[in-house]
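Look at the structure first, then read on.

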Amino acid sequence: MSTIAAIATPPGVGALSVIRISGPKAHAVLQAATARKTPLPPRMATLVHVRAANGDVLDECMATCFASPASFTGEDVAELTCHGGMLVTQRVLERLFACGASPAEPGEFSRRAFENGKLDLTAAEAIMDIIHAGSDLALHAAQSQLAGAISRTVQAAIDTLLNVAAHLEAYIDFPEEDISPQSTEAMQSSLSEVEAELTRLAATADAGRLLREGVRTVILGAPNVGKSSLLNRLLGFERAIVSPIPGTTRDTVEESITLGGMLLRLIDTAGLRSSGDAIEQEGVERTRQALRSADLLLEVQDATTPLAELHESAENANAPHLVLLNKCDLPEHPSRRHQSGIRLSALTGEGLPELHQAIADLFATQSGERDTVAAVNARHLHALRDALSSLHAAAAGLENRALPELIAVDLRSALDSLGAITGKIDTDDLLTRIFSTFCLGK
Ligand code: GDP
C-alpha cells in the first residue's frame, strides 16, 4: 500500500492549510521532511519545521500523528497544518513527495477509510453531504446518516433476509420435503416486514433530494405586487451559503436563501429583477420550464388591490403553492377579507415568521420525524427499488410454491442490492464512481 499525501483545504490563500499523509510510511515521511531524529508522539500537536533537502526551513508547521488503526483512514496518518499561502503549501507538499509520499487521488483518503472498515458507503456519502449541506435540516440529515441511520435499517433488513435464506436452505438440502405451511407463513411475514421497512426508507428519497439540492422555488406574480421587494428582504434576512454538489446538474440559480430550515433555490429570478411580469416577457418558455420543475411556488399578490385570480400553475400541480398577500402594512382591499394566504409585508418584514413556519411545515413533515431522519439519495433509491422488486419476486415464489432454489435466487439478488447500499459487496466500479466525486484530500 502506498503512502499518499494531499492538501485537504481548498486551494487559495488562507491563514492556514492542512496537508494529510496516510499510509504505512506516513510517520517516516514526516520525520524525514522535518529532519527529526525521533518520531512524533501520537495524537499530540507538535511544532515542527519542514526542511528542504539542503536543510533550509520551508515552513514552520503543527504536526499531529495518528497510529493505525486509530485514524480516519485506519492507516498511519500524519496531518500538517502549515501557513496558508499557495506557494508555501505546495513546497511543503513537494517535500513530502520527495520524502516518499505519492499524490492522492480525489477521495482516496475516504476510500481507504472505507476499505479498512472505518466507514461504510452511506457514511462516506454522508461526509460529502455534510460538506455540501446548505441548510440546517440538510446538515442534520447528513449527520444522522453518518451516525448510521440508513445503514442500520438496511443491515436489519439484510439480517432478516439472511434468516429467511437460511430457512430456505434447509429445504434445498432436503428436496423430498415440501415447505410446510407454517414455514411459508413465517417467511412471508418476514418478507413483508422487510418490504415495509424498505418502502418507508425509499419514501425519504424526495425529501433527500430537497435536502441535498435545495427546494427549487419560483416567485411569481403580477408586476408591482412586490416580488423584488420580497426577494430582497428574504436575501437580506438569511442569504444561504451553498457550494455546488459534484455530479448534479441544475439550472442557473441566481439566489439561494434558507427559510424554515430548508435551502430554497430561487430559480429563474431574472424576470424579477426587471420590472414587469416575468410570464409576459421574452423568457416565457424559460419561466414555464422553471414552473414545471419547481418544488415550491410562491405567488405574491398585492393585498391592497381587488382579489385576483390565482396564477395558472396547473402545469405543476404537484408543487405546493403558497399565496403571499403582500403590503399588509397598508389597508387590505375589502374583497380579500376571506382570502386565505400568508399576510406579510416586504416593506416592514411583518408576516415573515409565518412564511418561515409554513415552509418548515411543508418540508419538515415531508422529511419525516426531524430528530431521526436521514433521507436516502438517488443511488440508495435505485438499489432499494431493485431490492424491492426482487423481494416481490421471492414473495410471489413462496405464494406459488416455487422451488426453494428459485426463491433463493431472488433473495440473493435482494441481498446484493441491499449490500450495494452499504458497500458490503465487492464492486470496484461502484466504488470508483462514488469516490471519484470526492475532492482531493478528503
Ligand atoms: P415587483 O414588480 O413585483 O417586483 O414589485 P416591486 O418589488 O418592484 O414593488 C412594487 C412597489 O410596491 C414598489 O414601489 C415597492 O416599494 C412597493 N412595495 C413592495 N412591497 C411592499 C409592501 O410590503 N408594502 C408597501 N407599502 N409597499 C410595498
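## Helices on the sheet

Helix α1 (residues 26-34) lies across β2, β3, β4 (57-66) and β5 (77-83). Its direction runs at about 70° to β3. Helices (H or I, at least four residues) and strands (E, at least two) are DSSP runs, numbered from the N terminus. Axes are lines fitted to C-alpha atoms, for helices over the stretch in contact, and angles run from 0 to 180 degrees between N-to-C directions.

Helix α2 (residues 86-98) also packs on the sheet. It touches β1, β2, β3, β4, β5 and β6, where contact means heavy atoms within 4.5 Å. The direction of α2 makes about 180° with that of β1.

## Basis of the model

This is a predicted model: local features need pLDDT of at least 70, side-chain atom pairs count only at pLDDT 80 or more, and totals for chains, interfaces and linings use all residues. Residues are numbered from 1 along each chain as its sequence is written, and side-chain values use heavy atoms, leaving out hydrogens and water.

## The sheet

The sheet is open, with 6 strands in the order β3-β4-β5-β2-β1-β6 and mixed pairing. Two strands pair if DSSP finds at least two bridges between them. The edge strands, β3 (46-51) and β6 (102-103), each pair on one side only.

Strands β1 (residues 4-7) and β2 (residues 16-22) pair in the antiparallel sense over 4 bridges. A5 has I21 of β2 as its bridge partner.

## A helix pair

The axes of α4 (residues 121-132) and α5 (residues 136-146) come within 8 Å and cross at roughly 155°. The two helices are therefore roughly antiparallel (angles over 145 degrees).

Terms used
Angles under 35 degrees count as roughly parallel, over 145 as roughly antiparallel, 65 to 115 as roughly perpendicular and the rest as oblique.
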